[in-house]
Amino acid sequence: MDHLTAYQKVLLARHPQRPYFLDYVAHLCPDFVEIHGDRKFGDDPAVIGGFGLLQNMPVCLIGHQKGRDTKQRQYRNFGMPKPEGYRKALRIMKIAEKFERPILTFIDTPGAYPGIDAEERGQAEAIAYNLREMSQIRVPIIATITGEGGSGGALAIGVGDRVNMLECSIYSVIAPESCSAILWKDQLHAADAAEALKLTPEDLKKYQLIDEIIPEPAGGAQNDHAGMAKCLASILERQMRELCGVKPDVLLACRYKKFRAMGAFGE
């Protein structure tokens, strides 16, 4: 799909029929057991996490969940987590660390929920705390952007030893429409903003911000959920086998080095 423009990939990443987290779980981990609640405030349906077997390997799976219809979208808050969602995710990761289970995260969110109630409960602190804690978790973490990777809402479960992107996914600090509204005072330049933001898998691989681009079925993952899940499973299994033999201290040192090396700057 190299012929697609950056904004066309944005639209594909948002396609309403793309597989969401629970679709991947159904194909990859049918014995999945969900964990609810953050033990501080409540349960956030926009983030789902739990445990199961992937190719007979015990794993922890955590991901954003959007809805298919209006009722589901409202219930899942359009895949935009509140602080309790990120705190729930971290609670599940800590359980995974205790029982030495690799962690697989599936990222697909427009961003963290910006509402007043989320801000009152410490949205920024919850994201920042996850970033710090994930950098120190002593089991392998593999993060995969399956659709939209929106800003801090994606980063909060995106600190991984391996970071993957599906071929038609995006990963960006801001949505192209929002960027256009800030810079051009309207949303008519969203396509120009998408090009400038360098949010496609090819751009991010070039700048060494991700590790692997995962090919999608013809026309996109929305056309073949089972085929996409099968392809993803083989890559995740390979990456887990590469990482599970690494000693925790070495794993943490490599993770730290990986993220410290990101970005180009001048003085």
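This is a predicted model: local features need pLDDT of at least 70, side-chain atom pairs count only at pLDDT 80 or more; totals for chains, interfaces and linings use all residues.
The side chain of lysine 9 forms a salt bridge with that of glutamate 202, with an N to O distance of 3.0 Å. Lysine 9 belongs to helix α1 (residues 6–13) and glutamate 202 to helix α10 (residues 201–206), so this pair ties together parts that are 193 residues apart in sequence.

## Other Salt Bridges

In the whole structure, 21 salt bridges are found. One of them joins the side chains of glutamate 177 and arginine 14, at 2.8 Å from N to O. Because glutamate 177 lies in helix α8 and arginine 14 in the loop between α1 and α2 (21–28), the contact ties together parts that are 163 residues apart in sequence. Glutamate 177 is buried, with a relative accessible area of 13%; arginine 14 is partly exposed, with a value of 27%.

A further salt bridge pairs arginine 68 with aspartate 23, whose closest N and O atoms are 2.6 Å apart. Arginine 68 is located in the loop between β3 (57–64) and α3 (70–75), and aspartate 23 in helix α2; the two residues are 45 apart and link distant parts of the chain. Both partners are partly exposed: arginine 68 has a relative accessibility of 26%, and aspartate 23 has a relative accessible area of 23%.

## Packing of Helices α4 and α6

Helix α4 (residues 83–98) packs with helix α6 (residues 123–134) at an angle of about 20°, and their axes lie 8 Å apart. The two helices are therefore roughly parallel, since angles under 35 degrees are placed in that class. The crossing of α4 past α6 is left-handed.

## A Nonpolar Surface Patch

Ile182, Leu183 and Trp184 form a nonpolar patch on the surface, and together they present about 320 Å² of accessible area. Isoleucine 182 is part of helix α8, which covers residues 176–183. With a relative accessible area of 52%, isoleucine 182 is exposed. Helix α8 also contains glutamate 177, which is buried.

Methods:
Residues are numbered from 1 along each chain as its sequence is written. Side-chain values use heavy atoms; hydrogens and water are left out. Patches are made of residues with over 30% relative accessible area and no salt bridge: like charges are joined within 9 Å, nonpolar side chains (Val, Leu, Ile, Met, Phe, Trp, Tyr) within 5 Å. Accessible areas come from the Shrake-Rupley method with a 1.4 Å probe; for residues, only the protein chains shown count as cover. A salt bridge is a side-chain nitrogen of Lys or Arg within 4 Å of a carboxyl oxygen of Asp or Glu. Helices (H or I, at least four residues) and strands (E, at least two) are DSSP runs, numbered from the N terminus. Buried means under 20% relative accessible area, exposed over 50%, partly exposed in between (1.4 Å probe, protein chains only). Axes are lines fitted to C-alpha atoms, for helices over the stretch in contact, and angles run from 0 to 180 degrees between N-to-C directions. Angles under 35 degrees count as roughly parallel, over 145 as roughly antiparallel, 65 to 115 as roughly perpendicular and the rest as oblique. A crossing is left-handed if the near helix is turned anticlockwise from the far one by less than a right angle, and right-handed if clockwise.
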